[in-house]
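Please keep the sequence and the structure in view while reading.

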Amino acid sequence: MDLKIIFPHAMQARSLKGLIIAIIIYAVVSFICGTIHGLVGGIPLIGFVFGIVGWALGIYCTVGIIISVLVFLNIVK
């Protein structure tokens with residue numbers, strides 16, 4: 001499995017600047033998704049779909065941040 005395809009920003013965290021940029025990107029994406037979910041969460045069917053998408057995107061962003069830190073520490077290459 002090639003992590004460069006799935007997590008492109010996480011693999012650029014080889015320096016401190018790259019790590020900070022990757023964490024900011026994943027945090028902003030997670031924040032925007034959470035805001036959208038909060039706005040449409042009251043609509044029954046759309047809220048359910050956005051709940052599932054938000055859950056999956058939250059996991060993706062969390063894993064992206066973890067991989068960014070691991071790349072920065074040279075544990076993952």
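Phenylalanine 7 is buried in this predicted model, because its relative accessible area is 7% and the limit for a buried residue is under 20%. Phenylalanine 7 is also one of the residues in a cluster joined by ring pairs, together with Tyr26 and Tyr60.

**Aromatic pairs**

- A pair of aromatic rings is described by two quantities, the distance of the centres and the angle of the planes.
- Searching the whole structure gives two aromatic pairs.
- In the pair of phenylalanine 7 and tyrosine 60, the ring centres are 4.9 Å apart and the planes lie at 15°, so this pair is stacked; the cut-off for stacking is an angle under 30 degrees.
- Phenylalanine 7 belongs to the loop between helix H1 (3-6) and helix H2 (16-40), whereas tyrosine 60 belongs to helix H3 (residues 44-72); the pair therefore ties together parts that are 53 residues apart in sequence.
- Tyrosine 60 is partly exposed, and its relative accessible area is 30%.
- For tyrosine 26 and tyrosine 60, the ring centres are 6.0 Å apart and the planes lie at 75°, so this pair is edge-to-face; that label applies to angles over 60 degrees.
- Because tyrosine 26 is in helix H2 and tyrosine 60 is in helix H3, their pair ties together parts that are 34 residues apart in sequence.

- Tyrosine 26 is buried, with 3% relative accessible area.
- Beyond its neighbours within four places in sequence, tyrosine 26 is in contact with Phe7, Pro8, His9, Ala10, Tyr60, Cys61, Gly64, Ile65 and Ser68.
- Tyr26 and Phe7 are also members of the largest nonpolar core, which has eight residues; Ala10, Met11, Cys61, Ile67, Val71 and Val76 are the other members.
- Helix H3 gives the most to this core, with three residues.

- Glycine 64 is located in helix H3 and counts as buried, at 0% relative accessibility.
- When neighbours within four places in sequence are left aside, glycine 64 is in contact with Phe7, Ala10 and Tyr26.
- The sequence places glycine 64 and isoleucine 25 at 39 residues apart, while in space they are 9.7 Å apart, C-alpha to C-alpha.
- Serine 68 is likewise located in helix H3, and serine 68 counts as buried, at 0% relative accessibility.
- With the neighbours within four places in sequence again left aside, serine 68 is in contact with Ala10, Ala13, Leu19, Ala22 and Tyr26.

**The nonpolar surface patch**

- Which residues make the nonpolar surface patch of about 900 Å²? They are Leu16, Ile20, Ile24, Val28, Phe31, Ile32, Ile36, Ile43, Ile46 and Phe50.
- Helices H2 and H3 each supply at least two residues of the nonpolar patch, and H2 gives the most, with seven residues.
- Isoleucine 32, one of the patch residues, is in helix H2.
- Isoleucine 32 is partly exposed, with a relative accessible area of 45%, because partly exposed residues lie between the limit of under 20% for buried and that of over 50% for exposed.

Technical notes: Residues numbered from 1 in each chain as written. Predicted model: local features only at pLDDT ≥ 70, side-chain atom pairs only at ≥ 80, totals over all residues. Heavy atoms only, no water. Phe/Tyr/Trp six-rings, centres within 6.5 Å; stacked < 30°, edge-to-face > 60°. Helix = DSSP H or I, 4+ residues; strand = E, 2+ residues; numbered from the N terminus. Buried < 20%, exposed > 50% of the residue type's maximum accessible area, 1.4 Å probe, protein only. Patch = residues over 30% accessible without salt bridge, like charges linked within 9 Å, V, L, I, M, F, W, Y side chains within 5 Å. Areas by Shrake-Rupley, 256 points an atom, 1.4 Å probe, with all protein chains shown as cover. Salt bridge = Lys/Arg side-chain N within 4 Å of Asp/Glu carboxyl O. Contact = heavy atoms within 4.5 Å. Core = buried A, V, L, I, M, F, W, Y, C linked by side-chain atoms within 4.5 Å.
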